[in-house]
Amino acid sequence: MEIYLDANATTPVLPQAKAAAIQAMVEDYGNPSSIHSTGLKARALIDGVRARAQRLLDTGAGQLLFVSGATEGIQTAVLSALHALRARREAGQAIGSQLLYGATEHKAVPEALKHWNAVLGLNLAIRAIPVDTQGRHDLEFLQREAPEAGLVCTMAANNETGVISDLTGIEAALNASGSSAFWMVDGVQALGKLVLRLSQSRIDYAPFSGHKLYAPKGIGLLYVRAGAPFTPLMAGGGQEGALRSGTENMSGIAALGAVLEALEDKEGKTFRSHAEMSGFRTRLAAALEQAFPGLVYNAPLVQSLPTTLNFSVPGLSSRLLQDLFDAADVRVSGGSACSAAKAAPSFVLQAMGLPDWQAAGAVRLSIGPAVDEAFITEACARIEACGESLRRNCMSPSDNLPTVGQGVSRFMLEGACCYVLADAAVQRCVLIDPQPEQVSRLAQVLRCQNYPVTAVLSSDGAAAHGEARALLAAELPDLLAASAEVDALGWPLTQTELELGAKRLRRQLLEGGGQALLLSEGGQGQACCLAFVAPQHAQALGEQIGAQTLIAPPSDEAQLLASNVALERGEAVAAPLLQLSGTQLQQFVDAHPDALLIDVREPYEQFLSQTPELAGVALQAMPLSRFLNAIPGWLAEQRPLLFFCRSGNRSRQAAQALARLGHSQAWTLSGGLALLPDAPVRAAAADPALLV
Ligand code: PLP
C-alpha cells in the first residue's frame with residue numbers, strides 16, 4: 001500500500017467529492033446558463049457551493065469566482081491590479097515604482113508579475129521581500145518599501161516549508177506605511193488548515209486551488225474584495241457575471257462543494273482538527289528523528305502548518321532520501337527542484353539563508369487534513385524501516401551495523417569512478433581513485449567493514465587522489481597508515497604486487513604518466529581478469545590483458561559501466577538491447593524458464609521492497625554499484641537476463657552494458673517496478689539477502 005506524504009503537491013479526491021463529480025457529470029449535467037429545469041438545477045448547485053465557500057472564507061461583500069486553479073486566480077489578480085495601475089498612471093496619478101512579492105512565493109507569482117508587467121508595458125521594478133531564517137517576511141523592509149509599491153503579494157503559508165506568514169503583521173506594516181498598494185494573498189496551502197477571514201482584512205485578492213484539498217485538478221477559487229479593481233482574464237459567454245467566461249467546470253465545482261461541506265461540518269469525521277494534525281506531526285517527527293539521527297528541520301515547526309515537515313539529514317542527499325522513501329512505497333518530495341543528475345538547491349530555503357547542504361538536501365513530507373490514525377501509524381512504521389535500512393547498509397548518520405566487504409564496489413562522483421576492492425577472507429581492502437568530496441562516505445564504509453587499507457591508489461596521479469588519501473588517513477588512523485612509503489601514484493614502494501586474499505593486484509606504468517591496475521585471480525602469472533585503466537590506454541597494455549578482459553574506467557560519464565579491449569579496438573559488435581514492459585513480464589518468464597531476473601537497485605532499496613512474485617523464477621540482487629563482480633559470470637553463461645529497478649533507468653544502463661559487451665539476451669524492464677501493478681513492499685525489517 002502506498003503511503004502518500006506529498007499532500008502539498010496534490011491530494012487524492014475524497015470519495016464524496018468523486019461521487020459529487022460523477023453525479024454532476026452523469027445525472028445533473030445541465031449548463032447553468034440554460035433556463036430549462038436541467039440548467040436551473042446546475043445553477044442551484046453552483047450557487048450552493050459558492051455560498052458555502054463564502055461562509056467558510058468569510059468573504060463578506062467580496063466576490064468569489066470559480067476558476068481553473070490557483071495559477072489562473074493569480075493571473076487574474078495580477079492582471080486586474082496591474083491594469084488598474086496602468087489606468088491610474090495614464091490618468092496622471094502616482095502608482096509607485098515597484099511590485100513586491102515574498103521571496104519564497106510560489107513561482108506562479110513572480111512569473112505572473114513579470115508577464116503582465118511586460119504585456120501591459122508597465123515596466124515597474126519587480127522586487128522580492130526578503131524573509132528571515134524562519135521564512136517570515138521582513139516587515140521593516142515591507143513598511144519601508146510599500147509606499148513605492150503598486151502591488152504586494154504574500155502567501156498565507158508556504159508550500160515547501162509550511163511556514164505560516166504573519167498576515168496580521170503584514171497588514172499592519174502596509175497600513176503603517178500609508179501605502180495604497182493592492183494586496184494579493186496566495187491562500188492555496190492555507191485552505192482547510194488555517195482560518196481565513198478575508199472580509200476582515202484589506203486583502204484585495206486571494207486565489208485557492210481545489211486539488212490541494214481533495215477536490216480534482218482544474219478547479220479553484222478567486223476572492224476579490226468588494227471595490228477592488230477587476231479585469232477579466234477570459235471574455236466570452238459572460239459566465240460568472242462576465243468576470244470569468246467559459247462554461248463552468250460543473251464536476252469540479254460539485255466536487256469542491258463536497259469537500260467544503262465536509263470542512264464546514266465541525267462534527268464530521270472527514271477532516272482532523274488543528275490539534276489532531278499537530279499530534280500527527282509530532283508522531284511523524286519522532287519517527288523521522290529516530291530514523292535519521294542528526295536530522296535538522298528547515299523551518300521551525302511551531303510557525304508552520306501542522307501538515308508539513310521539511311528537513312535535511314547531514315551526509316544524505318535529497319535524491320537518496322527520496323529513493324529510500326520511494327522504495328518503502330512512501331511518497332515524499334524533494335524540497336528542491338531535482339534534475340536527474342544533480343539536485344538544484346531549493347530557492348525557498350536559499351532565500352531563508354539556510355546553508356547550501358540544507359537547501360540542496362531538503363525533503364518535504366506533507367499530509368492532508370483527511371488522514372487518520374492508522375495511516376499515521378503505518379507512515380511512522382515505514383519511516384522507521386527506512387532508518388533500519390540505512391543502518392544495515394552503512395548509510396545512517398550513526399549507529400551503523402558492521403558490514404562484510406567483498407569484491408569490487410564502485411562509488412560515483414559527477415562521472416568520476418572510485419573503486420573499493422575488498423576481501424572478506426583476509427579482511428583487507430584497496431582503494432582506487434578516491435576524491436576528497438567522497439572521503440566522509442568512504443570513511444563510513446571502511447569503518448563499517450573495519451578492514452585495514454593496503455593502499456590508496458591513483459590511476460593518473462591526480463592531486464585530488466593524494467588529498468583524499470591524506471584525509472582518509474587522518475579520519476581512520478587505525479585502518480590507514482599516514483606514514484606508509486608510497487610513490488606519487490600511491491603504490492607501496494616495497495611491493496611489486498598487492499595481495500588481496502585469492503586475488504592479486506599488479507600494475508603497469510603508462511607512458512606519459514599514470515598506471516594501469518590489473519586484478520587477477522589466483523597465483524602469480526595468472527591472466528588479468530579486471531583492468532582499472534582508461535579505455536584509451538587499454539591497447540597499450542599489449543599481452544598484459546586479453547581482448548575480452550573487462551575494463552573498469554576511471555570515469556564513466558556515458559554510463560557504460562565497463563568495456564573491453566575488443567570493443568575499444570572496434571573489433572566487437574554490441575548485441576541489441578532488449579526491452580520488456582510490465583504487462584509482458586509473466587509471458588517472458590513463461591517463455592524463458594531459464595531466465596535470471598536481476599534487481600539492480602541498491603541494497604538500501606532492496607531491503608525495503610520485495611521483488612515481484614513470479615513463481616519458479618531465479619532472482620539475483622546485483623546493485624549497479626557492484627556490477628563489475630557479476631559481469632564475467634553472466635557473459636560466460638549467456639542465459640537470458642532481465643534487469644529491473646524502480647523506474648527503468650538503471651536497469652536500462654545495466655542491460656545496455658551487457659549487450660555492449662556481447663550478451664545476446666540482455667533485457668530491461670521498461671518503466672521499472674513503478675509501473676508493475678501492485679509491486680509489493682515490506683514495512684518491517686527483514687533479511688536483505690532476500691534474493692537467490
Ligand atoms: N500557490 C501555491 C502556494 C502552490 O502550492 C501552488 C501549487 O503548487 C500554486 C500556487 C499553483 O496552484 P495550481 O496548481 O492550482 O495552479
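In what order do the four strands of the open sheet lie? The order is β14-β15-β16-β17, with mixed pairing; strands are DSSP runs of E of at least two residues, helices runs of H or I of at least four, both numbered from the N terminus, and two strands pair if DSSP finds at least two bridges between them.

The model is predicted: local features need pLDDT of at least 70, side-chain atom pairs count only at pLDDT 80 or more, and totals for chains, interfaces and linings use all residues. Residues are numbered from 1 along each chain as its sequence is written, and side-chain values use heavy atoms, without hydrogens and water.

Select 407-413 and 453-457: these are the edge strands β14 and β17, each pairing on one side only. Next, select β16 (residues 428-432), which is parallel to β17 over four bridges. Within this pairing, Cys429 has Val453 of β17 as its bridge partner.

Move to Tyr214 and Phe271, an aromatic pair that is tilted, at 5.8 Å centre to centre and 45 degrees between the planes. Ring centres of Phe, Tyr and Trp (its six-membered ring) must lie within 6.5 Å to pair; planes under 30 degrees apart are stacked, over 60 edge-to-face, the rest tilted. Tyr214 lies in the loop between β7 and β8 and Phe271 in the loop between α7 and α8, so the pair ties together parts 57 residues apart in sequence.

Then select Phe292 and Phe325, an edge-to-face pair at 5.9 Å and 65 degrees.
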